[in-house]
Amino acid sequence: MNASGIKTGLGAYTALFLVFLYGPLVVLAILSFQTGPEGGPQFPIIEWSTYWYKHLFGLTPPSRIAPLPIEQALVRSLGLAVMTMIVSTVLGVTAAQAFRRKFRGSGVVFYLIVLGMMVPGVLVGLGMALVANTLGIDRHWWSTAFVLHVVYTFPFAFLVMLAIFNRFDPSMEEASWSLGVTPARTFRKVTFPLIFPGVLSAMLFAFTLSYDEFSRTLFASGRDLTLPLAIYGTFSVEVHPNVFAFGVLTTLFSFALLGTYAALMMLSVRRAKRVAIQEEA
Amino acid sequence: MSTVLQLKNITKTYGDMRALSGIDLALPGDAYISLLGPSGSGKTTLLRVIAGFEHPDGGAILFDGKRIDTVAPHQRGIGFVFQNFALFPHLSVAQNIAFGLENRDVDPVTDRRVVDARVRDIISLVGLSGLEGRAVTQISGGQRQRVALARTLVTEPRMVLLDEPLGALDANLRARMRAELRAIRERCGVTFLHVTGSEAEALAMGDTVLVLESGRIAQSADSDTVYNRPASPAVARFLNCYNLFQGRIEGGAFVGGVGRFGLGSAAPTRAASPAYAIRYDRVSVRPREAAIAEDEIRIEANFVASEYSGAAVNSFFALDDGRVFEVESHLSHAAPETYAEQGRYALVWKREDALVYA
C-alpha cells in the first residue's frame, strides 16, 4: 500500500473511532430534547422542547412521570468521589515515593497494590458484602463502598505517580539537602511543585473512576444509592428522556472538570515561561 | 594550613563491584583540590559519600574535626554542585539562589531585605547581574553553571564539592569557566573539591591534584609533580602524555618488547609491576642514519600519521611489536616536519628523561 492509501485508511479509522465514541452521546443529546411528557426515548422527535430539562429540576406541572430520584444520589456520589480522590491521591503519592528506593518485598507489594484494579469488581463487591455481614458491619456508601473505591482507584493514582517519579531527577532533591534544607521541607518546596501536574492527573483519575463506579458499589453500598445505581434503578421501571437530559448535564459537568484540569495544568506549566516574558518585556 | 576534611579508610561496594577500596586523605582549608580519575574509578561515588548521598561501608569521615559519616546530608554544611546543575526549574534565577538561605534548617534567613542583599552580592560575584528574574530554563549553559555555583556559595559552606562541573559546557566556555572558578573560590576562601575526568582540567585547576585509580588514591601532589613524576604507571597512562613499556629490570637496563633501555642515575620508583615511561614531548625524531649521543636511547619505528593542533604536532609511529608510539613536537621554534608515509625513523630520547618503575 502506498503512503496516501495508509493516510486514507488511518483517516477513515479515526473517523469511525470518533463516530463510535461520540455517536451514542449525540443520540442521547438529541433525544433529550424530545417533547414531554408524552414523548418517549426514541425517534422520531415529535417536537423539540426543553421539557425534560425542566422536569429534571421540578419546573414542570405534575404528571404521571415521577421526577428522577437522583438528588440525594448525586450528592452522595460527588461526596464519595471527592473522598476517594483525596485518599487515593495521598496514598498514591506516598506509595510511589516509597517505591523510588528498592525495599525488601517491593515486588510483592507492587503486585498487591495493582491487584486492586485487576480483580473483577462484582466479585470484590460481593465479597465485601459478605465480609461486612459476617462481621456485623453496616454497609454504607461512606464506609464499605468507600473502602472499595479507594482499593480500586489507588492503583491508578499509584501508577501515574510512579511514572512521574520515574522521570524525576533526584539530584534536585540532593541539591536541596546539600543547601541545608531538611528532607521534609525539600519535599514540600522542591519535589511537590515539580510533581504537581502528575498529582492533578492522579486526582482526575481517582475522581472520575469513583464517580461512575458501578459493580463494586452495587453490593457494597447498602441501602443508600450512589448516582450510577440510582440511574440504573430507574431503567427497571420505564425509560424516559429525563435520563438523557441528566446524562447530557453530567457530561457537561465532566467536561467542565476536564477544562479545570487543563487550565490548572497550563498554569503550572506556563508559570516559568511567564516569568521570563515579563523579564524581557 | 588546617585540615578541613579527613577520610580514613573509606570503603564502598555495589554488589560485587568495589567502588572505593580504602580511601585515606586529608584536604586543607582554603584550597582548590582537583580529583582526577578515569570513568569508573569511583570519583563520583567518593564525592557522594562525602556529601552524604551514599553511605560508606566502612571508614570514617571527619569534617572540621567532627565525625560526619552518620550525619544527614542537610546537616553536614558541605555544598554540592552537580554536573547537570540540578537547578529548581520552577524557580527563577534569584529564587534558586535564595532557596538555601530561606529554607535551610539551621539559621534560616527570614528577613527579606537580608536575603535580597546577599543574593544580589553573590549574583554580582558570579557575574549574573540582570538575569535575576529569568527562569532557569531560559538561560545558557554557562549561566546555569553560575546559578548552581551561586546557589551553593550563598549559603557559605566551608567546603564545596563539584562533580564534573564543566562537563556539560562546550570547550570554549569550559576554558573560560576554569579561570573564573578559581577566581571565585579565592574570593570566597572556601575549599573546592573538583572532580574531573580531564587531565588538563585537573592540572590547570588544582592547587593539589588527587589521582584516583580503581577506588584508591594513586597520587596526591601538586600539578607539576603529578605531571612530571606520576607515582605509578597507571597514573602516567591516565595523564595521556607518556609512552609506556612493560618489561623487567635486568642488569642495569630495562628490557621491554622493543629492546634494552639503559637506566639513568635516578632510582626506579616503586610500583606493582616494572614499567618504563617516556613523555611524548621528550622524544625527538631523527633520520635512521643519524648518530646518537652517549646518554641517549634509540629505537626504530614506522611513521603512521600525525595530528596538527596549532602549537604542537603529535606524530604516531608503529613499533616493531605493533604498539603505537606518540611523539609531541612543539612548534614555537620550528616548522612542522613532514615524515614519509610508512617511512622508518629513529626515535631518540635522553636516558635521564625516562621514568622507570620497578
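**Contact between the two chains and the folds on either side**

The contact between the two chains takes 29 residues from chain B and 23 residues from chain A, where two residues are in contact if their C-beta atoms, placed from the backbone, lie within 7 Å. The structure is a predicted model, in which local features need pLDDT of at least 70 and side-chain atom pairs count only at pLDDT 80 or more, while totals for chains, interfaces and linings use all residues. Residues are numbered from 1 along each chain as its sequence is written, and chains are lettered from A and ligands numbered from 1 in the order in which they are written.

On the side of chain B that touches chain A, the elements giving two or more residues are β6 (78-81), α2 (93-103) and α4 (141-153) of chain B; helices (H or I, at least four residues) and strands (E, at least two) are DSSP runs, numbered from the N terminus. The residues of this side of chain B divide into 12 nonpolar, 13 polar and four charged, with Ala, Val, Leu, Ile, Met, Phe, Trp, Tyr, Cys and Pro counted as nonpolar, Asp, Glu, Lys and Arg as charged, and the others, Gly among them, as polar.

Helix α2(B) is mostly covered, since nine of its 11 residues are buried; a residue is buried if 20 or more other C-beta atoms lie within 10 Å of its own, exposed if 12 or fewer, and partly exposed in between, with C-beta atoms placed from the backbone. The buried residues of α2(B) include Val93(B), Ile97(B), Phe99(B) and Leu101(B), and also Asn96(B) and Asn103(B). What covers the buried residues of α2(B) includes α8 (183-211) of chain A, together with α3 (112-126) and α4 of chain B.

Chain A has 11 helices and zero strands. The radius of gyration of chain A is 24 Å, well over the 19 Å that the globule rule gives for 281 residues, so chain A is more spread out than a compact globule; this radius is taken over C-alpha atoms, and the globule rule is 2.2 Å times the number of residues to the power 0.38. Along the principal axes, the C-alpha atoms of chain A fill a box of roughly 75 × 60 × 50 Å, and buried residues make up 31% of the 281 residues in the chain. Among contacts in chain A between residues at least 6 apart in sequence, 77% join residues at least 24 apart. Chain A is divided into domain 1 (3-56) and domain 2 (71-239), the bounds coming from an automatic or database domain assignment, and 33 Å separate the centres of domain 1 and domain 2 of chain A, taken over C-alpha atoms.

For chain B, the domain assignment gives domain 1 (3-228) and domain 2 (241-357), and the C-alpha centres of these two domains of chain B lie 39 Å apart. Four strands of chain B form an open sheet in the order β2-β1-β4-β5, with antiparallel pairing; two strands pair if DSSP finds at least two bridges between them. The edge strands are β2 (17-28) and β5 (66-67) of chain B, each of which pairs on one side only. Within this sheet, β1 (residues 3-14) and β4 (residues 58-63) of chain B pair in the antiparallel sense over five bridges, and the bridge partner of Lys8(B) in β4(B) is Ala60(B). Helix α1 (residues 43-51) of chain B packs on the sheet, where it touches β1, β2 and β4 of chain B, and its direction makes about 60° with that of β2(B); axes are lines fitted to C-alpha atoms, for helices over the stretch in contact, and angles run from 0 to 180 degrees between N-to-C directions.

Further strand pairing involves β11 (residues 242-250) of chain B, which pairs with β14 (residues 275-279) of chain B in the antiparallel sense over five bridges, with Ala275(B) in β14(B) as the bridge partner of Gln246(B). Four bridges also join β11(B) to the antiparallel strand β12 (residues 253-256) of chain B, where Arg248(B) stands opposite Val255(B). The hairpin of β11(B) and β12(B) has two residues between the strands, and Gly251(B) in this hairpin takes a positive phi near 55°.

Most residues other than glycine have a negative phi. Asp64(B), although not a glycine, has a positive phi of about 55°; Asp64(B) lies in the loop between β4 and β5 of chain B and counts as partly exposed, with 14 C-beta neighbours inside 10 Å. Asp107(B), also not a glycine, has a positive phi of about 55°; Asp107(B) is found in the loop between α2 and α3 of chain B and counts as exposed, with 8 C-beta neighbours inside 10 Å.
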